[in-house]
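Hello,

Here is the structure I promised to pass on to you. Please have a look, and my notes follow below.

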Amino acid sequence: MFAGRPTKWDGLLDWLQMLSGAALILFIWAHMLLVASVIISPGVMNAIAGFFEATGLAQVGGPLIFLLFLGHFLLAARKVPFRFDRQKTFWSHATMLHHQDTWLWLVQVVTAMLLLLMGTIHMWVVLTDLPITAAKSAEVLQKRSGWLLFYLLFGPLVHVHLGIGLYRIGVKWGFVGQEGRARFKRFVTILVLVCVGLSLLTLLRFSFLAI
């Protein structure tokens with residue numbers, strides 16, 4: 001058996017995993033829109049970031065988001081097959097079943113491992129160099145070698161992981177029935193593509209912003 005024997009805590013931990021995942025989805029989308037406001041004007045982004053700085057939300061909220069991020073990973077890691085024999089079993093079952101949602105879970109696991117490292121780096125860089133400004137973000141991408149490539153990979157990984165997470169929340173917790181699953185999957189796919197596109201436009205804006 002791959003899965004361990006269920007305990008009375010499994011349901012609670014699954015519930016906490018779902019809630020923490022949903023909270024991170026909402027936060028990251030809000031954060032994406034905040035940063036993407038630079039497309040309209042650097043002044044708009046600076047004004048929004050300045051509000052969070054002045055009210056202390058950046059200084060307090062940043063560490064809390066990191067703890068939420070780490071807690072969500074630990075909750076989700078309970079079901080990840082870290083041992084080689086379990087990975088082999090999962091692979092053989094996945095190839096036998098030919099079930100798309102099973103492969104989506106695998107993509108979610110792989111992206112989670114990458115995001116644990118990359119997300120930690122991103123949050124450390126941001127939180128140790130407050131306040132956030134458009135010029136400072138542009139300087140990182142334009143003058144510090146490798147950071148543009150880092151965010152070109154980081155952005156799509158984040159949105160793919162979030163999209164799969166949103167889809168799985170809807171299906172697993174009964175928000176989306178069997179008859180609406182295909183339609184919901186198309187909606188999430190479009191949403192992910194829009195978010196990735198917006199992230200790329202934001203990087204492009206920073207890359208040509210005068211500093």
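In what follows, rings of Phe, Tyr and Trp (its six-membered ring) pair if their centres lie within 6.5 Å; planes under 30 degrees apart are called stacked, over 60 edge-to-face, and the rest tilted. By that rule, a search of the whole structure gives ten aromatic pairs.

One of them is Trp 15 with Trp 173, an edge-to-face pair with 5.2 Å centre to centre and 70° between the planes. Trp 15 belongs to helix H1 (residues 10–36) and Trp 173 to the loop between helix H7 (147–172) and helix H8 (181–207), so this pair ties together parts 158 residues apart in sequence. Helices here are DSSP runs (H or I, at least four residues), numbered from the N terminus.

Next, the rings of Tyr 167 and Phe 184 are stacked, because their centres are 6.2 Å apart and their planes are at 20°. This pair also links distant parts of the chain, with Tyr 167 in helix H7 and Phe 184 in helix H8, 17 residues apart.

On accessibility, buried means under 20% relative accessible area, exposed over 50%, and partly exposed in between (1.4 Å probe, protein chains only). Tyr 167, at 4%, is buried, and Phe 184 is buried at 17%. Trp 15 is partly exposed at 39%, as is Trp 173 at 29%.

Some notes on the model: it is predicted, local features need pLDDT of at least 70, side-chain atom pairs count only at pLDDT 80 or more, and totals for chains, interfaces and linings use all residues. Residues are numbered from 1 along each chain as its sequence is written, and side-chain values use heavy atoms, leaving out hydrogens and water.

Best wishes

Terms used:
Helices (H or I, at least four residues) and strands (E, at least two) are DSSP runs, numbered from the N terminus.
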